[in-house]
Every structure is written in C-alpha cells, then in structure tokens.
Amino acid sequence: MYSLIEMLTYKRPVGSTTQKEFCERFIEPTFGKPDIHGNYTHIIGKSPNLCFTAHHDTVHRSAGRQKIVVTKDIASVDPISQDSNCLGADCTTGVWLILGMIDAGIEGVYVIHNAEESGCKGSRALVSDYPMWLGNIQAVISFDRFGKNSIITHQSGYRTASDEFANSLSDALGMYDLIPDSGGSYTDSNEYSLDISECTNISVGYMSQHTKSETQDLEFADLLLSNLIKADWSKLVFVRDPNETEVLDYKYAYNTGYTSKFDADYGYGKTDWANVQALEFMLQEYSGEIAEYLDSMGFYAESLCDELKLSDTELSRLTQSYVKYRYM
C-alpha cells in the first residue's frame, strides 16, 4: 500500500508540474514516454484482446503535494490541510492497479490516459488515431468507478457493455458483489464504445470523489488487485454489437421529439437534451461543488422542491435532512 499512499500525495491538474513529476516517477519507468496526446501505452502479449485503462490527471484545483492520513485502512486527505479540494483516488487507484497487473505479467494492452477530467481528451485523441493494437481488442475495462459493487453497462444513458459481459467479468474475478450497473456517467472507456464490443468501468473502492471528503478503501483496492492478477480471463463473453445503439432512457436519444415537462410548464421551448446530459454528468461528478454554488447564489432546497413539483413526502424528507445537518 505504500506506493498507492505515496501516489496519492500528488495533486495533478492537467498540465501541472506535479502531473509531470508523477508521470516521470511512477509511470514512465514502466511505460516509457507518452504519445503526443499525453497517453501512455504498454502491451503485454502477442495479440491481447483486453485493454485496461486509467487516467493520470486529477480534479485538484492546484498543483503540489498533499498529506494523506490512513485510518482503519481508509485513506483520505489530512483534515487539517486547507490546500486540497479532493483526495484524487479518482484515478490514482486505477493507475496503481494497472502498475500492479503489469508487474505480475498479466497479458493485455494497458493505457493510462491524459486529460480525462477535462473531457476525455486523451482517450478521444487516441481512438481517433486508431493504433494497430486496437483492432484486436474486444473489451476495454476502466478502473475509474466509485464504490465496491459496480460493473458499468451504460454510460450517460447509452449501453456500452452487455449484462452478459458484466456478469462474466464478475465471475472471472471471483468478486460476485460486483454486479451490472446501468448508472455510469462517463469515462475513457466510453470513447472506445463505437469500435469495441464491451466497454466498462469497475468499482475500485473510492467514495465521494471530487470532494474534500473523498476516501479510498485500501483493503478493497488490495483485494481487487489480487483478484485481477488471479482472474480467469477466458471466462469473459463478448456480446454487445458496437454498431447498434441501445439507449437506457429514451429522452437521451437525440432528435426523437421527446419533450420535458418543463417545456410546457415554463415555456422554455424544446429541451436541449445534450445539455441536460452534460448537466446530469456534472451533478453526478461534482455534486458537492454544485450544492455549495447553489447555496452561495441563494437557492434553498425547499424552493427547488417547489420548482420541481416534488411530492410533500419528498419535501418533508429533504427538510428533515436539512435540519439534521444544519444543527448537528
């Protein structure tokens, strides 16, 4: 665990000196220099059909180092520190897992992308370049999901991996608490989904990502790495056709004529669902920051409940939550 804890001390906004130092210290001894987009690629095996990914940037607002504390196998930023807005386990833990798999000699294509947190720019550029190894790949597995139970099947409302694949991955790892999850937001594996059959993202044990309260369960990370090394990858099944589009929620399908209740209620005109999708992604990834911003702008939970026409039961529940945290 020492290496992961040490890696977490680096705050790495895109383009920062600390990001460069991190890559030079932890990634380049194994991967060598990056491509022109800042992505690192390492291949083990003659023609591997699996690609494992992470990203080396974080959502820290400033570069530099931070102090990490560990309490009962849970890592977090030192609460006394005032110069950090997150832990950065997203996606430091993913990088650590990849380095561990490479060290164990597990066959695959390993890619540590640049600029995921600023719109998956690195992975998008890599897929656009279409390197030769990509033609052999049947699945892209990102290590960039919070919690301990998810194998993502949908990203931003679109299917990117089949349930059959997700279940077979759980079986291959022998981790049956990892189950298909259709609630994925967006990460690098999504950029491959128009070309590759199965594109997923699995839980690595961090929580409250992108916030000061972010934590990493070190015991879970260690268990996951052990099972990735022992996995029977022959159990994987590849079902999804990347040429077919399956939408989880009909409203995400562009140009379908779907309208929002707010179109009629407020006369806003036809809802821009691309913007709705972007906002939902932001709410999932930056919920704490958005809540603080709304509070600073004078918004109250009760008034938003009224605007959204939520039920009295939901309003009561939210009000009780407000009172609980306001006076605790």
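Select Gly32 first: this residue follows helix 2 and has a positive phi, near 80°. The model is predicted, so local features need pLDDT of at least 70 and side-chain atom pairs count only at pLDDT 80 or more, while totals for chains, interfaces and linings use all residues. Residues are numbered from 1 along each chain as its sequence is written, and side-chain values use heavy atoms, leaving out hydrogens and water.

Next, select residues 17-31, which form helix 2. Helices (H or I, at least four residues) and strands (E, at least two) are DSSP runs, numbered from the N terminus. At Glu24 this helix bends by about 45°, the bend being the angle between axes fitted to the seven residues ending there and the seven starting there.

Now colour the buried residues of helix 2: Thr18, Gln19, Phe22, Cys23, Phe26, Ile27, Glu28 and Phe31. Buried means under 20% relative accessible area, with a 1.4 Å probe and protein chains only. These residues pack against helix 1 (2-7), strand 1 (10-11), strand 2 (40-44), strand 4 (64-65), helix 3 (89-103) and strand 7 (108-113); contact means heavy atoms within 4.5 Å.

Cys23 is buried, with a relative accessible area of 3%, and Cys91 is buried, at 0%. A disulfide is a pair of cysteine sulfur atoms within 2.5 Å, and the count of disulfides comes to zero.

Finally, display the whole protein chain. Its secondary structure comprises 11 helices and 15 strands, and 48% of its 328 residues count as buried.

Definitions and conventions. Buried < 20%, exposed > 50% of the residue type's maximum accessible area, 1.4 Å probe, protein only.
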